[in-house]
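Good morning, and thank you for coming.

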Amino acid sequence: MSRIQIFDRAMCCSTGVCGPQVDNVLPRFAADLDWLAKQGHQIERYNLAQDAGQFAGNATIQQKLASEGVECLPVVIIDDVIVGQGDYPDRDQLLFWLGKAPSGEVATTSKPTGLPVTGDDCCGGSGCC
């Protein structure tokens, strides 16, 4: 199972769902993390307002904040690799990063590495250009 770390922007609580104006994404993200924890993954979530020591103690996060500012948050790290930043992923994206298909099965395809190539010319041989 994987270790999933989330470095959140400053929020009112550990999940950000108790404030007067809750971002609609936060309850879904919290539920997705709970679901992943029930699957056996280790979830560590740090809030800049409440866990500043975790931010200060992580060289990767310190470098991100120094070069990009707090706009890079949230940062999602899976097994010590940054997989996302600046936005909360949905469950399908989290599963993709974990190498699982949305149904929870092991993905049979890998991440795309580039744009598809059609042939020798840009029209794929139709002669339109």
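Strand β1 and strand β3 (residues 75-78) run antiparallel and are joined by four bridges; strands here are DSSP runs of E of at least two residues and helices are runs of H or I of at least four, numbered from the N terminus, and two strands pair if DSSP finds at least two bridges between them. In this pairing, Phe7 stands opposite Val75 of β3.

Before I continue, please note that this is a predicted model, in which local features need pLDDT of at least 70 and side-chain atom pairs count only at pLDDT 80 or more, while totals for chains, interfaces and linings use all residues. Residues are numbered from 1 along each chain as its sequence is written, and side-chain values use heavy atoms, with hydrogens and water left out.

Is β1 buried or exposed? Five of the six residues of this strand (residues 3-8) are buried, so β1 is largely enclosed by the rest of the structure. Buried means under 20% relative accessible area, exposed over 50%, and partly exposed in between, with a 1.4 Å probe and protein chains only.

Let us turn to helix α1 (residues 25-38). Its buried residues are Leu26, Phe29, Ala30, Asp32, Leu33 and Leu36. Seen down the axis of α1, they fall within an arc of 160°, so they line one face of the helix; the arc is that of the directions from the helix axis to the C-beta atoms. As a general point, an α-helix has 3.6 residues a turn, so residues three or four places apart point the same way. The cover over the buried residues of α1 includes β1, β2 and α4 (91-97), where contact means heavy atoms within 4.5 Å. After α1 comes Gly40, with a positive phi near 110°.

What, then, forms the largest nonpolar core? This core has 14 residues, and those with the most contacts inside it include Ile4, Phe29, Leu36 and Val76. A nonpolar core is a set of buried Ala, Val, Leu, Ile, Met, Phe, Trp, Tyr and Cys residues joined through side-chain atoms within 4.5 Å. At least two residues of this core come from each of β1, α1, β3 and α4, and α1 gives the largest share, four residues. A second, separate core of eight residues includes Phe7, Tyr46, Phe55 and Val75.
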